[in-house]
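Me: Please walk me through this structure. I am new to it.

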Amino acid sequence: MILRPRAEDIAIIGYHLSKIILGLGLTMLLPLGCSFLCGERGPFFDFLITIEIIFVSGLFMMQVCRAAYESGKKKAPAYEKSIASLDPNWMHGMIMVALSWLAAMILGAIPLWLSGHWISFLDACFESMSGFATTGLSLAQDLDHLSLTHNLWRHLTMFIGGQGIVVVALSFFVKGFSGAFRMYVGEARDERVLPNVINTARFIWGVSFTYLALGTAALWAVGMKNGMEPGRALFHGACIFMAAFDTGGFAPQSQNMLYYHNYGMEIITAVLMVLGAINFRLHYHLWTGNRRELLRNIEMRVLFISVMITFAVTAVGLKVGGSAYASGAPLLLRKGFYQLLSGHTGTGFMTVCAEQIGKEWSDLALVGMICAMALGGAVSSTTGGIKMLRIGIIAEAFVQDIKKVIFPSRAMVEQKFHHIKEVFLEDKTVRAALMVTLAYIILYGIGTLAGMLCGFGFIPSLFESTSAAANVGLSCGITSVGMPAALKVVYIFQMWAGRLEFIAVFTLAGFLLAAIKGK
Amino acid sequence: MRITLKTLTVLFFLSAALAVSCRGACAGPETVSSSALFSDPGLYDGRTISFEGEIIGDIMKRGRYAWINVNDGRSAIGVFTAAENVAGLSAGGYKRQGDIVRVSGEFHRACPGHGGDMDIHAGSVTVIIKSAAREEAICPAARRMAVLLAGAICLLLISMLYGRLRKKR
């Protein structure tokens with residue numbers, strides 16, 4: 001029998017959700033300040049109105065949920081604690097996370113839509129989800145005339161989403177409660193860097209801000225050397241850093257990375273993309289001087305092998321397809337390898353036009369890219385996709401099974417791998433890895449089917465679907481303002497489910513089902 | 001000298017051919033849109049073309065040369081040219097419409113000298129329309145909305161404060 005959720009459950013979820021919404025509103029003070037400093041009056045009002053809408057809805061929701069909980073408490077004295085001091089359980093945490101991301105998408109889309117650069121609210125929602133989920137697919141119109149304020153917000157969504165919307169709230173707005181870990185896990189971060197989840201969230205921000213300073217300074221210097229004015233070079237440096245380290249893929253100009261015509265920029269972003277694709281736990285070990293971990297860690301080994309194999313496939317595909325990029329090593333590295341690395345780390349930076357990928361790259365080259373995008377980077381990083389740890393675990397399980405067949409039946413076959421420490425392979429670990437992998441494959445398939453139903457070919461549909469679901473952002477030309485609204489909705493769903501790695505989404509679906517069918 | 005019909009016919013065709021070739025030379029290279037370049041880049045690879053559009057973003061001078069990006073309304077393409085060709089030009093952004101220019105030069109589908117970028121090596125950059133400031137219109141409804149919402153926030157905060165005070169009593 002399915003139990004219908006109680007009013008108190010909804011009140012607890014709503015109350016904590018309102019806190020996260022208010023936290024999101026506070027992050028918008030940054031673009032508001034930018035609009036004031038840059039003298040952009042239109043964007044100032046766009047953000048002022050949005051912040052006000054967020055505060056009205058957040059405060060109203062908080063009041064309603066508190067009142068609903070208090071009235072429930074009177075009827076059932078079991079609820080002794082006040083709503084503010086109550087710890088959400090696993091179900092509450094997961095649903096809160098799933099709803100926070102949807103709320104962030106809608107509220108984050110408001111200033112974009114008000115700017116007039118997105119032709120519909122759906123397009124603005126697409127952009128907003130693409131930003132928060134660090135995907136990088138864009139439906140902006142006339143991006144080259146977009147205000148600095150709106151451009152800053154686009155990139156800031158990636159910085160916030162990359163670390164995790166709830167991580168933002170945990171770091172700055174939540175004093176600390178045991179339910180925090182449940183929300184942290186809901187955002188696809190199942191590994192704690194430090195014993196305390198709040199300290200873990202703060203460490204993630206510490207790493208991010210340190211790299212922000214270093215990365216922005218490097219990109220700023222390169223920008224100025226390449227003829228950009230200091231102010232614009234700094235703005236572009238900060239935006240490109242946020243997009244690269246958070247493996248997002250947005251860029252301030254419509255040509256993406258092709259705008260800069262500069263290999264220095266490409267080298268720095270390649271380094272940042274790889275840093276963004278590394279597990280935050282591994283960052284911690286590197287920061288504390290344990291550099292050997294980089295060579296021993298299963299994720300790094302699998303990432304290296306996977307990049308090499310998929311690059312080989314892509315390079316052969318470019319050669320076979322007669323692409324001009326296969327004519328020499330420099331072109332192959334700057335176009336083939338850069339795109340491949342961008343896809344594998346889930347970033348989505350492009351130094352070629354989307355149309356070129358769709359029309360000039362052979363199917364084999366696209367298959368290499370699709371595999372790279374589908375696999376993704378490390379767990380507990382800012383990347384999407386299946387992730388290297390799961391691929392490593394599945395590979396180890398295969399080796400274990402082969403050993404079981406080869407070795408005598410009485411032999412005890414134990415398989416272990418190195419991930420921060422030596423870990424023995426257990427069936428439940430393999431099962432969990434296979435479940436998530438299967439869920440990703442189904443998600444890639446759903447988008448492919450939707451693309452084909454909209455009249456696109458199999459390979460382009462698979463490419464775009466994988467790009468959306470693995471939060472990559474590379475496009476072969478399907479993502480455009482003119483694509484069917486239904487396909488936009490499917491891609492939004494893919495970006496959301498792919499970023500949260502399903503558990504929070506499945507819990508929300510179960511909760512809604514219980515609300516309808518429960519007794 | 002006697003002019004025969006045969007001589008006249010030859011002269012007519014010669015002058016016609018000369019006129020056609022002169023017209024072609026005077027018109028300059030073919031003006032191509034970004035759609036045409038992106039849909040079939042191989043067709044124009046290595047050919048001298050004209051491309052018209054607005055300079056966007058930055059004018060990036062690098063020694064004796066410079067990069068500009070020209071957007072024809074659909075897509076932008078990189079233009080590599082001598083620094084003297086971009087002197088005095090303005091690029092467009094949020095507050096400014098950039099110079100609308102016509103660039104003429106060699107199109108590269110994957111330029112070997114620039115890491116495979118699709119670009120135009122322009123010999124000339126001609127301004128068609130000078131840059132101008134862009135109007136920033138603010139809807140009066142936006143101001144009213146901002147004031148109304150500010151009022152709503154104040155009301156909510158007062159009600160929350162009142163609720164807390166009542167609870168304390």
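Predicted model: local features only at pLDDT ≥ 70, side-chain atom pairs only at ≥ 80, totals over all residues.

Reply: Residues are numbered from 1 along each chain as its sequence is written, chains are lettered from A and ligands numbered from 1 in the order written, and side-chain values use heavy atoms, without hydrogens and water.

Me: How far apart are the closest N and O atoms of A:Arg154 and A:Glu127?

Reply: The two form a salt bridge (a side-chain nitrogen of Lys or Arg within 4 Å of a carboxyl oxygen of Asp or Glu). A:Arg154 sits in helix H6 and A:Glu127 in helix H5, 27 residues apart (helices are DSSP runs of H or I, at least four residues, numbered from the N terminus). Their closest N and O atoms are apart by 3.0 Å.

Me: Is A:Arg154 buried or exposed?

Reply: Buried means under 20% relative accessible area, exposed over 50%, partly exposed in between, with a 1.4 Å probe and protein chains only. A:Arg154 has 2% relative accessibility, so the residue counts as buried.

Me: Which residues does the salt-bridge network join?

Reply: A:Glu501 forms a salt bridge with A:Arg390, with closest N and O atoms 2.8 Å apart. A:Glu501 lies in the loop between helix H21 and helix H22, and A:Arg390 in helix H18. B:Arg47 pairs separately with B:Glu30 at 2.9 Å. Bridges that share partners make one network of A:Lys387, A:Arg390 and A:Glu501.

Terms used:
Helix = DSSP H or I, 4+ residues; strand = E, 2+ residues; numbered from the N terminus.
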